[in-house]
Amino acid sequence: MHIAYPVVLSSLLFCTGLYGVLARRNAILVLMSVELMLNAVNLNLVAFDVWLTKAAEETLHSGQALTLFTITIAAAEIGIGLAIVLAVHRNRGTADIDKLRDTAEGHETDGPGGPDEATVTTEPAAGQTEKAEATA
Amino acid sequence: MSLAAAAVAAATTTTPPALAAVETRGFLSPTGVEIAFLLVGLVTFGAAIVTVTTRQLVHAALWLVVALGGLAVEYLLLTAEFIAWVQVLIYVGSVVVLLLFGLMLTKAPIGRSPDADSGNRWAALTVAVAAAAALVWVVVDAFRTTWIDLDGPAAGSTKATGESLFQNWVLPFEALSVLLLTALVGAIVLSRKTKTESSSPSVNSRGATGSSSSVPDSRNHPIGRKGQAEQEGAR
């Protein structure tokens, strides 16, 4: 197999993910596009590992080991990313990254006890915790 | 992909005759594996395009399943079977389910959402097309005489992958397990509240209405405050 096939497919998938990251507004769609980019990198790693395993005498299978590591890190990234997106959605009421322009929490409240209002209540937090544990 | 194929064909036609004579394999006579790779690659790329362009959020996650499953088939065609099954297990099995949970918990609209794409869509399209053209040109030009030998024993069988992983990559593997544990604990910590914040005055009103607009009313309400005090005492 010519190595151009997997490498070109990997490039196109990466640029598709790049378009998604730049053009999407929903944070979860951005996370999906990041997954596409990571998968493009994985395909590249596997293709070059298969090539170098047959071309070289002694290899460490570093491409496939790195692919497994990338998959694991992508799983960790998607867990942390979704937890952050859900926390932002509970605090601000939106997951639209074009509207998340300030870095401080509790931007809409300035009365007494204002910082507490921006935080979330107990019942949704318990539900989120259960779901996070269930999905993690 | 057809543009890329044209670029590849142009690159191969400009190959010097000496190199073309050395390589007995030609680009214009693809093998069965290459044809299968091309077809599955077209499906994968199309599913990825639909994933980043559709306006229905749940459909984007479902087309992501097609794209990731197509990539698993590509791994199988590259004889990396262990990676393929890990891909199916982790990506198709858990990551997409996690994304669907995220869509559900952030109250994503079912059906077409008109604001799925941001205003700088055309700038993003320009950047992506330029990056794709540059990447495809560079990699095709760099690897025009490189061939993967897929014959013989599989390069990515479970035996080979496991041996290399546990002979040469043990320490990174264990460090990665610690990283995964850290990410798990971090996700739990991020999605629960600390004890001091959980006794905020907005417990009752937020639990009843689900919106923060009625918080000042309930704070002045005596019954609401009493009930909240009881709840704190019970805690």
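How many residues of chain A are in contact with chain B, and how many residues of chain B take part? In this predicted model, 78 residues of chain A are in contact with 95 residues of chain B.

## Confidence in the model

The model as a whole scores ipTM 0.74 and pTM 0.73. Chain A averages a pLDDT of 78, and 76% of its residues score at least 70, while chain B averages a pLDDT of 76, with 70% of its residues scoring at least 70.

Within chain A, confidence is highest in α1(A), at a mean of 93, and lowest in α4(A), at 41. The pLDDT is below 50 over residues 109-136 of chain A, a stretch that has 54 contacts in the model beyond near neighbours in sequence. In chain B, pLDDT stays under 50 over residues 7-22, for which the model has 16 contacts beyond four places in sequence. It also stays under 50 over residues 198-235 of chain B, for which the model has 35 such contacts beyond four places in sequence.

## The architecture of chain B

One residue of chain B deserves a separate look, namely T79(B), which is found in the loop between α4 and α5 of chain B. T79(B) has a positive phi of about 60 degrees although it is not a glycine, and it counts as buried because it has 24 C-beta neighbours inside 10 Å.

## The side of chain A that touches chain B

Several elements of chain A give two or more residues to the side that touches chain B, and these are α1 (4-23), α2, α3 (62-92), α4 (114-118) and α5 (122-135). Of these, α3(A) gives the most, with 19 residues. Sorted by class, the residues on this side of chain A divide into 45 nonpolar, 22 polar and eleven charged.

On the side of α2(A), the contact is made by L29(A), M32(A), E35(A), L36(A), N39(A), L43(A) and V46(A), and on the side of α4(B) the residues include L57(B), A60(B), L64(B), L68(B) and Y75(B). By class, this contact has 13 nonpolar, one polar and two charged residues.

A second pair is formed by α1(A) and α3(B), whose axes come within 10 Å and cross at roughly 5 degrees, and these two helices are therefore roughly parallel to each other. Here residues of α1(A), among them Y5(A), L9(A), L13(A) and G20(A), meet residues of α3(B) that include F37(B), G41(B), F45(B) and A48(B). By class, the contact of α1(A) with α3(B) has eleven nonpolar, four polar and one charged residues.

## L36(A), a buried residue in α2(A)

L36(A) is found in helix α2 of chain A, and because it has 26 C-beta neighbours inside 10 Å it counts as buried. Not counting residues up to four places away in sequence, L36(A) touches L13(A), T16(A), G17(A) and G20(A) from chain A, and A48(B), T51(B) and A67(B) from chain B. The C-alpha atoms of L36(A) and G17(A) are separated by 5.2 Å, although the two residues are 19 residues apart along the chain.

## The largest nonpolar core

The largest nonpolar core has 84 residues, and those with the most contacts inside it are V8(A), I28(A), M32(A), V46(A), A47(A), A80(B) and L99(B). Both chains supply it: α1, α2 and α3 of chain A, together with α3 (32-53), α4, α5 (81-105), α6 (121-142) and α8 (170-191) of chain B, each give at least two residues. The most come from α2(A), with 16 residues.

Leaving aside its neighbours within four places in sequence, L99(B) is in contact with I28(A), L31(A), M32(A) and A61(B). As a general background, nonpolar side chains tend to be buried together in soluble globular proteins.

Methods. Residues are numbered from 1 along each chain as its sequence is written. Chains are lettered from A and ligands numbered from 1 in the order in which they are written. This is a predicted model: local features need pLDDT of at least 70, side-chain atom pairs count only at pLDDT 80 or more; totals for chains, interfaces and linings use all residues. Two residues are in contact if their C-beta atoms, placed from the backbone, lie within 7 Å. Helices (H or I, at least four residues) and strands (E, at least two) are DSSP runs, numbered from the N terminus. Ala, Val, Leu, Ile, Met, Phe, Trp, Tyr, Cys and Pro count as nonpolar, Asp, Glu, Lys and Arg as charged, and the others, Gly among them, as polar. pLDDT is the predictor's confidence in each residue, from 0 to 100. A nonpolar core is a set of buried Ala, Val, Leu, Ile, Met, Phe, Trp, Tyr and Cys residues joined through C-beta atoms within 7 Å. A residue is buried if 20 or more other C-beta atoms lie within 10 Å of its own, exposed if 12 or fewer, and partly exposed in between; C-beta atoms are placed from the backbone. Axes are lines fitted to C-alpha atoms, for helices over the stretch in contact, and angles run from 0 to 180 degrees between N-to-C directions. Angles under 35 degrees count as roughly parallel, over 145 as roughly antiparallel, 65 to 115 as roughly perpendicular and the rest as oblique.
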